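Student: I have not seen this structure before. Please take me through it by question and answer.

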Amino acid sequence: LHYGFIPYVSGIFFLLYIQIERWSITLYLGATALGNIYLFILVTSLWVLVPLSIMNLFFPKCVTLFENKNYLELNKLVRNHFYIVLGYCLITVLILILFLKPLTGYVFPDHLPFVNLVYIGIPGLVFRTLSDPIAVFLNSVVKLKPILWSEFTSIVFYLSLILLMVANEWFSLTNVIIVFNLFFIFKFIYLLIYYLK
């Protein structure tokens with residue numbers, strides 16, 4: 001319970017981000033706009049499958065190295081994890097750029113006008129994935145509070161941007177995706193600063 005509680009709460013914050021995104025789109029743009037973002041949601045869900053599998057491979061090894069006080073190998077493993085997910089991001093971005101539009105036109109032709117939303121959201125997807133090695137490291141060395149604080153401050157940052165868009169009548173699907181990018185860039189920078197420190 002002690003070690004699992006903070007990751008559990010962190011997961012709740014991420015679910016809260018998803019709900020804020022969906023509720024705000026429905027409230028200010030309508031249910032049709034939420035349907036228009038379906039392709040982006042689908043790509044996001046598919047994007048994380050491989051990084052999650054990679055995390056599950058690295059985490060037990062990192063824990064074992066930390067318990068054995070083999071810190072040099074631990075840092076090496078974290079770097080390797082980072083290089084692997086960076087390679088995954090580069091390959092996946094290339095696949096999206098080359099094949100997303102023709103594939104969408106063939107399978108989901110109604111969503112073809114919204115392919116650009118996926119392209120706009122690529123930075124957020126990349127930074128979300130690049131946060132994984134740091135999260136694995138922090139979980140391995142049982143430094144869980146930075147993960148909790150990154151989730152909390154990120155959700156406050158995200159909500160502030162949503163309210164800013166509403167107040168200035170900037171609320172649109174494009175801007176929601178831009179805020180998605182800023183949310184994950186903010187979270188990555190927060191975790192990176194703590195990791196380097």
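Tutor: We start with a definition: a residue is buried when its relative accessible area is under 20%, exposed when it is over 50%, and partly exposed in between, using a 1.4 Å probe and protein chains only. This is a predicted model, in which local features need pLDDT of at least 70 and side-chain atom pairs count only at pLDDT 80 or more, while totals for chains, interfaces and linings use all residues. Residues are numbered from 1 along each chain as its sequence is written, and side-chain values use heavy atoms, with hydrogens and water left out.

Student: Is V176 buried or exposed?

Tutor: V176 lies in helix α10, residues 173–196. Helices here are DSSP runs of H or I with at least four residues, strands are runs of E with at least two, and both are numbered from the N terminus. V176 has a relative accessible area of 0%, so V176 is buried.

Student: Which residues does V176 touch, not counting residues up to four places away in sequence?

Tutor: Contact means heavy atoms within 4.5 Å. The C-alpha atoms of V176 and M165 are 8.7 Å apart, and the two are eleven residues apart in sequence. With residues up to four places away not counted, V176 touches E21, I25, M165 and F171.

Student: How many helices and strands does the protein chain have?

Tutor: Read along the sequence, the pattern is α-α-α-α-α-α-α-α-α-α. The count for the protein chain is ten helices and zero strands.

Student: What radius of gyration does the protein chain have?

Tutor: The C-alpha trace spans about 55 × 35 × 25 Å along its principal axes. The radius of gyration is taken over C-alpha atoms, and the globule rule is 2.2 Å times the number of residues to the power 0.38. For 197 residues a compact globule would have a value near 16 Å, and the protein chain agrees with this at 18 Å.

Student: What percentage of contacts between residues at least 6 apart in sequence join residues at least 24 apart?

Tutor: The set considered is the contacts in the protein chain between residues at least 6 apart in sequence. Within that set, the share joining residues at least 24 apart is 79%.

Student: Which residues have the most contacts inside the largest nonpolar core?

Tutor: A nonpolar core is a set of buried Ala, Val, Leu, Ile, Met, Phe, Trp, Tyr and Cys residues joined through side-chain atoms within 4.5 Å. In soluble globular proteins, nonpolar side chains tend to be buried together. The largest core here has 58 residues, and those with the most contacts inside it are Y17, I25, W47, L74, V126, Y158 and I162.

Student: Which residues does L74 touch, not counting those up to four places away in sequence?

Tutor: L74 lies in helix α5 and counts as buried at 2% relative accessibility. Leaving out residues up to four places away, L74 touches C62, L65, F66, F137 and V141.

Student: Which residues of helix α3 are buried?

Tutor: Helix α3 covers residues 38–47, and its buried residues are L39, F40, V43, T44 and W47. They cover an arc of only 135° around the axis, which puts them on the same side of α3; the arc is that of the directions from the helix axis to the C-beta atoms. The buried residues asked for are L39, F40, V43, T44 and W47.

Student: What does the side chain of S154 reach at 2.5 Å?

Tutor: S154 lies in helix α9, residues 145–167, and counts as buried at 0% relative accessibility. A polar contact is a pair of N or O atoms within 3.5 Å; within protein, one must be able to donate a hydrogen and the other to accept it, and residues adjacent in sequence count only if both atoms are side-chain atoms. At 2.5 Å, the side chain of S154 reaches the backbone oxygen of S150.

Student: Is K69 buried or exposed?

Tutor: K69 is in the loop between α4 (49–67) and α5 (71–107). Most residues other than glycine have a negative phi. K69 has a positive phi of about 60° although it is not a glycine. At 61% relative accessibility, K69 counts as exposed.
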